[in-house]
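Please keep the sequence and the structure in view while reading.

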Amino acid sequence: MTETIANLADLARPTVCGRVVIKVGSALLVGPDGQPRREWLADLTAEIAAAHARGQRVIVVSSGAIALGAARLGLPKGGRGSLADAQAAAAVGQIELGGLWAELLGMQGLTAAQLLLTLDDLEDRRRYLNASATLGRLLDAGAVPVVNENDSVATQEIRFGDNDRLAARVAQAGRADAVLLLSDIDGLYDRNPRDPLARMIPLVRGVTDEIHAMADGGSDSGLGSGGMTSKLQAAEIAERAGIALAIINGTHPSPISRALDGGIGTLFLPRRRDRGRKAWLGGRMKIKGVLTVDEGAAGALLAGRSLLAKGVTAVAGEFARGDVVEVRGHGGTALAKGLAEYDAAECAAIMGRHTDEQADLLGYAPRNAVIHRDQMVLL
């Protein structure tokens, strides 16, 4: 495919965007009374049907289970008063949420499928591949996968915490071309959108520190757990995997048509196309440890070389061989993620040492690198 995504309108073109992930937050799907916003959802499912009719395949990442379940159980704080409340609300709400999508998509002649995922399902390589295969088969069969975090079993230690980043990870697993994050504002602004001088940013080529500084980390609705910060983190995951991501306003009827036809929103262009294991590594969120490296090692990494023990200056965290660790420069800048060839104690023992010194320290012949370049992705 030689065509590429260059603007919002391209996200409706099946020749450049054959697969798209649409993320729907709790505040859009559920009203203040805890009841689903059926009329708005009916408009959205009609837009999904239109995308199918023009040759696109759609994955939905849907929040709302906790909000729906909390209303049914009469739980305070929208079911988010405690982890136990959230888990119980999700257990009740998932049934209603799945039924709601199945009913409304069914009215458009589409078949809904439900996938409940935890963070570990996409952090573990084998389970990630299983999820990828399931998504692929469902899309090939013409179904609409509806994905949500499995809040009924997720704990604070393993949960995504918001569905923005989940949407980006699902897009990787589903080999999507784009992600649409439906928000409560038109897009990313250069400052707090309440400021009368605020200006919306229509196009972003790479999420930088300057872009992060524009983000407001909160969610005003009280129903969701994401904010602009989480959306930028999702954009970073997507852009490294060659996936475009758009933030659009979901509060209007037929929000996708409004945004794409009118060019109203912020489009984050992909920076590169990591494939396979490297795409999975780049999107991983659970880091078991950190290796700090000197300037020489940092330069070698940027040149595409492996990380050698001689360039490591500090080791932090408890990790085993095969765990994902982050590589940082001396200023604390994240340079890369990769699979460690040694555990934390071994890394600490051989850091700063030449290869010919490592056998005596380890008690066995050293491996070729602390992180091999084939098991590493630059950030």
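The model is a predicted one.

Its secondary structure consists of 14 helices and 13 strands. The protein is as compact as a globular protein of its length, because its radius of gyration, 22 Å, is close to the 21 Å that the globule rule gives for 379 residues. Along the principal axes, the C-alpha atoms fill a box of roughly 70 × 45 × 45 Å.

Of the 379 residues, 51% are buried. The accessible surface of the protein amounts to about 16,200 Å², and carbon and sulfur atoms account for 49% of that area. Among the contacts with a separation of 6 or more, 72% are between residues 24 or more positions apart.

Strand β1 can now be taken by itself. β1 covers residues 19-24, and six of its six residues are buried. Arg19, Val21 and Lys23 point one way from the strand, while Val20, Ile22 and Val24 point the other way. Buried here means under 20% relative accessible area, and the residues on both sides of β1 are buried, Arg19 and Lys23 included.

Which strands pair with β1? One is β2, residues 57-62, which runs parallel to β1 and is joined to it by six bridges. In this pairing, Ile22 stands opposite Val60 of β2. Another is β5, residues 178-183, which pairs with β1 in the parallel sense over four bridges. There, Lys23 stands opposite Leu181 of β5.

Technical notes
Residues numbered from 1 in each chain as written. Predicted model: local features only at pLDDT ≥ 70, side-chain atom pairs only at ≥ 80, totals over all residues. Heavy atoms only, no water. Helix = DSSP H or I, 4+ residues; strand = E, 2+ residues; numbered from the N terminus. Rg over C-alpha atoms; globule rule 2.2 N^0.38 Å. Buried < 20%, exposed > 50% of the residue type's maximum accessible area, 1.4 Å probe, protein only. Contact = heavy atoms within 4.5 Å. Areas by Shrake-Rupley, 256 points an atom, 1.4 Å probe, with all protein chains shown as cover. Pairing = 2+ DSSP bridges.
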